[in-house]
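Subject: Structure for your review

Dear colleague,

Please find below the structure that I am handing over to you. My notes on it follow.

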Amino acid sequence: MSFTARVGSALGIGSLRKSKREREARESASYVHNNSEQRSGSKSHMELDKSIWDVTHGVHVEEVKVGRLRQAWEAVRTDTKTVGETVRRDPKVAIIPFVLLLLLLGGGLWAVFASAHQEYKHRREVAQQTASDKALYLQTELAKAFLPAYVCSVYVRRDPAWPAVNASFGPMALEMIRLSNAGSVLTLSLVPWGVIQTMVPLKGTSPTDDPNWRAIGKDWLQDKFNQDKVLQSISSKNLTIIGPYNLTQGGIGLVAMVSINIANASPNATFDIPPYVHGALGPWQTPPRTQVGPNLTDTPYAPYMYDPAASSKWWGLTTVLISWDVLRENVTRLDDLEAQGYSYVLSRPVLRKELLQARPDLANGSHDLAVAWSDTVQQVPLNATNNRAPPRQPGRARPLIYYDLHERLDSPVHSRVLVEGAQLDLYLSLDEGWTPSWKHAMISVTCVLSFVFSLMLFLVLVNRRQHMRLLHAMIPKKVIQTLRRGKIFTESFDTVTVLFSDIVAYTTMSASMAPIEVVQMLDELYQEFDNLAEKHKLYKLDTIGDAFMLVGGAPDRELAAAAAARVAQMGLDMIRVTSSKTLAGGHNVKIRVGIHSGPAVAAVVGRKAPKYTLFGDTVNTASRMESNGSPMRIHISTATHQLLQEAGGFVMEPRGEISIKGKGLMSTFWVTGTHVWKQGPCPRFESVDICSLPEPNAAALVAVRSSNALPASHVPPSKIAEHVDEGEGSEKPAVVDAANGGTASVALKLAAPHSRRENVCGNSPRRSKLGPQELPSVAESAPQAPAGAVAVGTENEDACPEASCLGGEGEGSQPCTPRAAARLAAERR
């Protein structure tokens, strides 16, 4: 059972049916597995299947179903990490949408609150106008209801003699009641000397026939409860209203009272008013008592009985009893307010003595007695009555037992009704509320839309920033602006510094590795180089295979010495990173670095996949510096040497004159390190010496590589691999016999013979035109090299002589490594 089948069985996931092509790919992968130099018997089945996958270049050998939820979750995680990294690199991507969110929220909420407040004011204005109109209407209708009281007072003043008044009062009062507003007038009464002697209408002979009989004989001057109202009427000589209040005969009513004064009368005038005997009508009256004239005992009315200045004598009172139930239900039309969507309360101020009698708990403070209200404020039971008088409609009773009902309303508007000394207060509140119902909904919509628009802008900015970052990684910003305008970009520079680097023995190494491992190795290495380029503010031009190219002094112009110093520092850091890093698969690589400074032209060529590139001999020379360099060394030209001297702080050694292809003899130099240098255009705060860098930990390297080694049975027979000529300095594998009779692969570098000596690491001279290459293994003897060529070993050739070999290459010198022995043997042949 294959690894994927085992995984599928463990997870409960069935694998897809294999196609014929997949089976052929698996057979091919198995063959490669049996002949691969990098496979090890200690690898697990999982690692073997992964290697097969890599060697077959991504051919799907076997597929396993993955849940959609897991795929979606992984996608969300990846996108979240990408967005977070984008925000970290450019905080404006988050700041701009956040500012937009604040602006949208601020503007939107201000508009919503302003509109809601305007609607709030409008509703209250309309309600206030409605309350004022209704108050004015109540004043008019109440005035009409009280009109009979004025008519009666005029009638009495015309002929104040009691016999004449009493004889014609009945028919006149009945006519006034008939003409009253909606039948709201219940009775008209004459009150000579303050005692009710006649009332219209009056039926029967006792309260059994008509409850109004109980009012006959009432002495208003002795009514302590309404004394203030009576005094107000007598003193002001104007209409005074008492109530609404509970009537003695039942029900709720209003009493309109007018004081009658007779002008041009003597102080002793009696107006032929007979004495009144209390108790003469029946037992329901007070005990028999004869009253001659006004009863002023313990009353404050004496000063108003006669006015000497006007020669007027007080005759008595006339009263009109109005049914508040009829007036409220048929005249005031308060129910119209409910139809308009208002809740209302009509109340009057209540006196303390009323509270002491009805609600002692409310005796302190000012309170209002509700006389009319809407059902939304207070529900009344169906069987409730108005002071023993059932309402015309069940449930429409409004008993005078509720106080301060207006406090239940929501911020009501208020309008006052003033009728001849009486005061009523009308309170209105809108049932749906003063604040519009759409306010909270609009607040929610505003918040959601603001968040959505800000999120959309955030995603657009993140997406644009990611695209722009990718575009800026390939093309500089100023170039993008030119290309957007449809123009061709070219720019010349007097001096730039170009750096080339490549991996030593890359061809041999990549031939023995799976493609995916090569990609992983290069990606890991070049990520480090990209970080260094960003650190030193240098522009990366290109990567082609293992070649890495960057420039200082372009596309942003700067001092030539500063650019050269940053590029040289970049080269030193590249070597330091490479020497201390073990890449994917346990590989340790070495690089060559070449640097040259000079004029160049930058341009973007082509219409498809445009690329920012440098043109000129400076680029070619920098490439020659690299190809003629040595592993883990920085090879620079004279021009760069002069700029680094100007910048200061760098340790450089002359290499002497060497022959450069296409250039002839050139004097070049090695950059071996830098001092602490706090002056000049490019200060440095760390001392570096690349000649003293430690070799990778051999034990760790062996352990890593041994885990990838194949067993002896899997080692393929040695053979000369095909090799594409890479020009000067190329590596070619050869086969030599091992001391033990076996075979081993040896990579030989073929170089033109020369006798010039070079100083490597400042000491040991050796014959080499190109930098040495690392070999996987070395035998004691080497095959015959082509005529006129020098075989150069690649393993540990860059080690300093004082750490490895005796000086010189003469007959007396003893090689210290198998690689050196192989090189000398090749030279002798």
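How far apart do the end C-alpha atoms of residues 93-113 lie, and how much of the span is helix or strand? In this predicted model, the end C-alpha atoms of that span are 30 Å apart, with 100% helix and 0% strand.

Two or more lining residues come from each of helix 12 (438-474), helix 13 (477-484), helix 15 (515-535), strand 14 (539-544) and strand 15 (547-552). Helix 12 gives the most, with seven residues. By residue class, the lining of this pocket holds 15 charged, 14 nonpolar and seven polar residues.

Four strands form an open sheet in the order 10-9-12-11, and their pairing is antiparallel. Which strands stand at the edges? They are strand 10 (368-373) and strand 11 (413-419); each has a single partner strand, so one side of each is left without a neighbour in the sheet. From one strand to the next, the twist averages 30 degrees.

Strand 9 (residues 342-349) runs antiparallel to strand 10, and five bridges join the two. Arg348 has Leu369 of strand 10 as its bridge partner. Helix 5 (residues 92-145) lies across strand 9, strand 11 and strand 12 (422-430), and runs at about 15 degrees to strand 11.

Backbone details

Some backbone details may be of use when you prepare the model. The peptide bond between Gly243 and Pro244 is cis, with omega about 0 degrees, and Pro244 belongs to strand 3 (residues 240-246). Another cis peptide bond runs from Ala554 to Pro555, where omega is near 0 degrees; Pro555 is found in the loop between strand 15 and helix 16 (560-580). Phe271, a residue other than glycine, has a positive phi near 55 degrees. This residue, Phe271, sits in the loop between strand 4 (252-263) and strand 5 (276-278).

With kind regards

Technical notes
Residues are numbered from 1 along each chain as its sequence is written. This is a predicted model: local features need pLDDT of at least 70, side-chain atom pairs count only at pLDDT 80 or more; totals for chains, interfaces and linings use all residues. Side-chain values use heavy atoms; hydrogens and water are left out. Ala, Val, Leu, Ile, Met, Phe, Trp, Tyr, Cys and Pro count as nonpolar, Asp, Glu, Lys and Arg as charged, and the others, Gly among them, as polar. Two strands pair if DSSP finds at least two bridges between them. Axes are lines fitted to C-alpha atoms, for helices over the stretch in contact, and angles run from 0 to 180 degrees between N-to-C directions. Contact means heavy atoms within 4.5 Å.
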